[in-house]
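Student: I would like to learn how to read aromatic contacts and helix geometry from a model. Please take one feature at a time.

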Amino acid sequence: MTNKTLHANPSKSRSPRHRAREFALQGLYQWLLNNEDSGVIDAHIREAHGFDKADREHFDALLHGAINQSIQLREEITPLIDRTIAELSPIEHAALLIGAYELKHHIEIPYRVVINEAVELTKSFGGLDGHKYVNGVLDKLAAKLRTAEISAGK
């Protein structure tokens with residue numbers, strides 16, 4: 001594989017922020033499987049075809065934030081899942097880390113958008129019904145982390 005063949009979902013209608021999430025998902029997937037250094041993963045992903053159309057700042061926040069805070073994010077997720085973290089598929093795991101990170105640290109993004117984006121990532125890259133699982137877990141996490149926003153009906 002050449003440096004420019006790795007790419008996110010090739011759809012041209014993706015927003016820069018959605019593309020950032022796709023690339024962050026790919027980076028987290030690589031990290032979960034290989035436990036590589038985040039800097040190596042970051043450099044590799046930045047060489048991918050289509051990265052120039054991604055929101056680089058959001059990609060950095062998601063990839064490095066989810067990796068650096070993975071222990072805390074997993075502690076938030078664990079009570080809400082029906083299996084161990086190790087039993088999650090790597091795509092579900094990565095999507096949950098991204099969703100949990102955004103719910104916790106990007107309150108400017110409506111919780112419904114965070115959940116929808118994680119669901120869409122899981123639909124694009126994951127197994128058949130993984131998106132339903134991600135939706136359920138993040139919905140419960142949003143109820144815990146975004147109580148005021150949910151109460152306000154936003």
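Student: Which residues form one aromatic cluster?

Tutor: This is a predicted model. In it, F23, F51 and F59 make up one aromatic cluster.

Student: How is a pair of aromatic rings described?

Tutor: By the distance of the centres and the angle of the planes. The structure has two aromatic pairs. F23 and F51 are edge-to-face, with 5.3 Å centre to centre and 65° between the planes. F23 belongs to helix α1 and F51 to the loop between α2 (38–46) and α3 (56–68), so this pair ties together parts 28 residues apart in sequence. F51 also pairs edge-to-face with F59, at 5.0 Å centre to centre and 80° between the planes.

Student: Is F23 buried or exposed?

Tutor: Buried means under 20% relative accessible area. F23 counts as buried because its relative accessibility is 1%. F51 is buried at 2%, and F59 is buried with a relative accessible area of 0%.

Student: Where does the charged end of R83 sit?

Tutor: The charged end of R83 is over the ring of Y133, 4.1 Å from the ring centre.

Student: What span should helix α6 have?

Tutor: At 1.5 Å a residue, the 15 residues of α6 (residues 111–125) should span 21 Å. The end C-alpha atoms of α6 are 21 Å apart, which agrees.

Student: Which helices do the buried residues of α6 pack against?

Tutor: They pack against α1 (16–34), α5 (90–105), α7 (130–145) and α8 (147–151). The buried residues of α6 include Y111, V114, I115 and L121.

Key:
Residues numbered from 1 in each chain as written. Predicted model: local features only at pLDDT ≥ 70, side-chain atom pairs only at ≥ 80, totals over all residues. Heavy atoms only, no water. Helix = DSSP H or I, 4+ residues; strand = E, 2+ residues; numbered from the N terminus. Expected span 1.5 Å × (residues − 1). Buried < 20%, exposed > 50% of the residue type's maximum accessible area, 1.4 Å probe, protein only. Contact = heavy atoms within 4.5 Å. Phe/Tyr/Trp six-rings, centres within 6.5 Å; stacked < 30°, edge-to-face > 60°. Lys NZ or Arg CZ within 6 Å of the ring centre and 35° of its normal.
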